[in-house]
Amino acid sequence: MSLFSQLSASLGKNRIVAKPGFNRWLIAPAAVAIHLCIGSVYAWSIFNPALTRHFGVVASAADDWSFSAVVWIFSTAIVFLGLAAAVGGKWLEQVGPRATGFLAACLWGGGFLIGSIGIATHQLWLIYLGYGAIGGCGLGLAYVTPVSTLIRWFPDRRGMATGIAIMGFGGGAMIGAPLKTYLLSLYYQAPEYLGKVSELNLITEAGRRYAEVAGQRVEVVIASASDMLKAPVPGPEGVYVVGTGSTGVTSVFLTLGIVYFIVMTLAAFSFRVPAKGWKPRGWTPETAERKGKSALITDKHVHIDQALKTPQFYQLWILLCFNVTAGIGVIGVAKTMITDIFSPSLPSIVDAGFAATYVLMISVFNMTGRFLWSSASDYIGRKNTYHCFFVLGAVLYMSIPFIA
């Protein structure tokens, strides 16, 4: 037996069946904790400015990555989230939530650590591999594990149970955005300041700017007043030496990787599954039918292998795929978008703190909507819930040009 097989067996579901009298609500905090950790992916846009100013710190230098080069890291993570969730969902049924939860902690935390190495060595492919691919697989496993576990414990309220878990995923940026902003300011080191542009002799060659300092040329960047307002620690506008400061993003990746691994591991090892045949006290599917909820709650299941053969599966998949593209497209560039659009006209208002708050508010409403819609589906039905928020979403998106 391989080492991984032994690990799966030791963490497997047969060893963590809950004892009689176990309070099913104790599972909820662990599920939410895991989703809060992985939900920080929605605050990815906080990293975009720092990654595009690795050498220049206050402004992009010639050797810095472009925005178009780093923005796809987030998209890569979301793609691997979907792929890992599809594969991991079936594996979860075999080994149980502890094994998948612990592996998710290793992948998500490890993805940050590999990403930090990529930033420190300025190897973009390592960030795509670490945060995007490996971390994305951790996202997928960590997403399905709490949802599957809570549904087992709440067969009478499946919509609410799902909402509890994914509420944490939607609200992850509510904690992640201010946390990342704080850590970036904590680890930030301003580069060496040479003075105002008018005070120095600047030379431009092959797309690089140089300044004469003590008879030697040093590469520099010119930071405007707007650039300095976006910095974690504002400073004077003017000329700064390239490579003398730090955005702090390498240390932030390292810190978050360790923190997320610890929190997710503790949460994963607190999971239990109900004993075979367990049902909530006083609840049976027949009871639900007498209450008029037979269309919403069922004890029948379709195996994944059979579900893949039905047209409904692909219809639902396509519907959800098109729906999430709108939200993901905004979330991945939220901070950059708000600063680029509004900062030039409102420089005294739209600073780094304002942009972080904007990302946070997206997370607040994301979290609230996930729980409310999921809980409402227990009463109005899944199809009616889809009808409500898809129609409402389409109307809101079409109204944006007129409201703006």
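**Close-up views of a predicted model**

**View 1. Strands β3 and β4 side by side.** Five bridges connect β3 to strand β4 (residues 216-223), and the two run antiparallel. Everything shown here and in the views below belongs to a predicted model. To find your place in this pair, look for E212, whose bridge partner in β4 is R217. The two strands form a hairpin with two residues between them, and A214 there takes a positive phi near 55°.

**View 2. The hairpin of β2 and β3.** Now follow β3 (residues 208-213) to strand β2 (residues 202-205), with which β3 pairs in the antiparallel sense over four bridges. A handy landmark is T204, which has R209 in β3 as its bridge partner. Two residues lie between β2 and β3 in this hairpin, and A206 in the turn has a positive phi of about 50°.

**View 3. The sheet as a whole.** Here the strands come together in an open sheet of five, in the order β1-β5-β4-β3-β2, with antiparallel pairing. Which strands stand at the edges? They are β1 (193-195) and β2, and each has a single partner strand, so one side of each is left without a neighbour in the sheet. From one strand to the next, the twist averages 45°.

View 4. Look for G195, whose bridge partner in β5 is V239.

View 5. The contact of α6 with α11 has 18 nonpolar residues, along with seven polar and one charged.

**View 6. Cysteines without a disulfide.** How many disulfides does the model have? The count comes to zero, with a disulfide taken as a pair of cysteine sulfur atoms within 2.5 Å. For C37, the closest cysteine sulfur is in C106, 13 Å away and therefore too far for a bond. The sulfur of C137 also has its closest cysteine sulfur in C106, at 13 Å, which is too far for a bond. Are these residues buried or partly exposed? C37 counts as buried because its relative accessibility is 6%, whereas C137, at 25%, counts as partly exposed.

Definitions and conventions
Residues are numbered from 1 along each chain as its sequence is written. This is a predicted model: local features need pLDDT of at least 70, side-chain atom pairs count only at pLDDT 80 or more; totals for chains, interfaces and linings use all residues. Side-chain values use heavy atoms; hydrogens and water are left out. Ala, Val, Leu, Ile, Met, Phe, Trp, Tyr, Cys and Pro count as nonpolar, Asp, Glu, Lys and Arg as charged, and the others, Gly among them, as polar. Two strands pair if DSSP finds at least two bridges between them. Axes are lines fitted to C-alpha atoms, for helices over the stretch in contact, and angles run from 0 to 180 degrees between N-to-C directions. Buried means under 20% relative accessible area, exposed over 50%, partly exposed in between (1.4 Å probe, protein chains only).
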